[in-house]
Amino acid sequence: MPKRRKKKVEKREAPRPNLGPFSDMTTSLLIMFMLTIPFIVESGIFISRSLATKRRNVVTPKKKKSDIKVNIHICADGTVFLNEEPFDPNRLPDIIPKLLARSVKKQALLSADNDVIYEDVIQMIDLLKEKGASDVLIMKRKRSKCP
Amino acid sequence: MPREKPKPKEPPDIGQYLFPMAGVMILTLATLIMDAQSLFTNTSIKVDIPKANVIEVELEQSIPVSVTKEGKMYVQDYEMPDLQSITAKIKELQEKYAMENNDPELKGQQLTVIRGDKAIQWGKVLEVLDAVKKGGAKRVALAVVKRKGSG
């Protein structure tokens, strides 16, 4: 009787996944996420600080003259009033630092018509803060000077 | 009888352990990216926030008050039918904050952030601000997103 040859059963190795590109992609995603997080996450602009901070600011020597040198009003039609006078909005970035330099507390007063777009008001607050205003006081006017 | 040479040990296949780990990692990352907004703002209400260069408020536990483009108002994720409800809710949350910290002086000191859509009218924001102030909030901020390219 002829000997039966035993068939060698080859063990097939399980395919190994190539994890190189996978980890590269994950790392890239992670880095991208970390870099973009400041632009995704919301922050804020203070319009009312804590009472303690406010009190510190309020303590002032008795002065008859107001320290506020920047008083801006935005009209619904886009007209901007600076210290009760119509003013070219494009010239505001130049004039605001000069006016704030004359103020001790560097506070600015801002008001706007009810119909003004919220983004325009935020842009004005942003401009004031960028040009050195320590506080932007928001005021509600009963009567508007706008045409 | 000649002794058989011991077979060299095969290195352990770490791929089989790494693969699920990498999968979990990428899933976690994707979830984090998608939920980043609600994770940091304490609300899932989506609002188109205006952009600004100057950022003053750092990330902290705050009470989000959202106003959508359609004029709907929310405190956290709860829709508010009117301004009186906002005042009542803010009052409740500020009291809760003071009680949780066992300090009655902290009442009103939790930051309230008004998240207004950039297309709404300023008058609406003023109304909400008024309601928030009536609720006893002493620290109020307007939500902005940092403009790209600014410091």
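Buried means under 20% relative accessible area, exposed means over 50%, and partly exposed is what falls in between (1.4 Å probe, protein chains only). Keep that in mind as you click along.

This is a predicted model, in which local features need pLDDT of at least 70 and side-chain atom pairs count only at pLDDT 80 or more, while totals for chains, interfaces and linings use all residues. Residues are numbered from 1 along each chain as its sequence is written, chains are lettered from A, and side-chain values use heavy atoms, without hydrogens and water.

Stop 1: Select Met25(B), in helix α1 (residues 15-41) of chain B; helices (H or I, at least four residues) and strands (E, at least two) are DSSP runs, numbered from the N terminus. Met25(B) is partly exposed, because its relative accessible area is 41%.

**Stop 2: chain A.** Colour chain A by secondary structure to find four helices and six strands. From the N terminus on, they follow the order α-β-α-β-β-β-α-β-α-β. Of its 147 residues, 33% are buried.

**Stop 3: the largest core.** Show Ile72(A), Leu92(A), Met124(A) and Leu128(A), which touch the most other members of the 48-residue largest nonpolar core. A nonpolar core is a set of buried Ala, Val, Leu, Ile, Met, Phe, Trp, Tyr and Cys residues joined through side-chain atoms within 4.5 Å. Another core, of 11 residues, lies apart from it and includes Val47(B) and Tyr74(B).

**Stop 4: a loop.** Is Ser103(A) buried or exposed? Ser103(A) is buried, since its relative accessible area is 5%. You will find Ser103(A) in the loop between α3 (92-101) and β5 (107-112) of chain A. Beyond its neighbours within four places in sequence, Ser103(A) is in contact (heavy atoms within 4.5 Å) with Asp67(A) and Lys69(A).

**Stop 5: where the chains meet.** Select the 42 residues from chain A and 53 residues from chain B that take part in the contact. To finish, zoom in on Arg147(B) and Asp126(A), which form a salt bridge with their closest N and O atoms 3.8 Å apart; the term means a side-chain nitrogen of Lys or Arg within 4 Å of a carboxyl oxygen of Asp or Glu.
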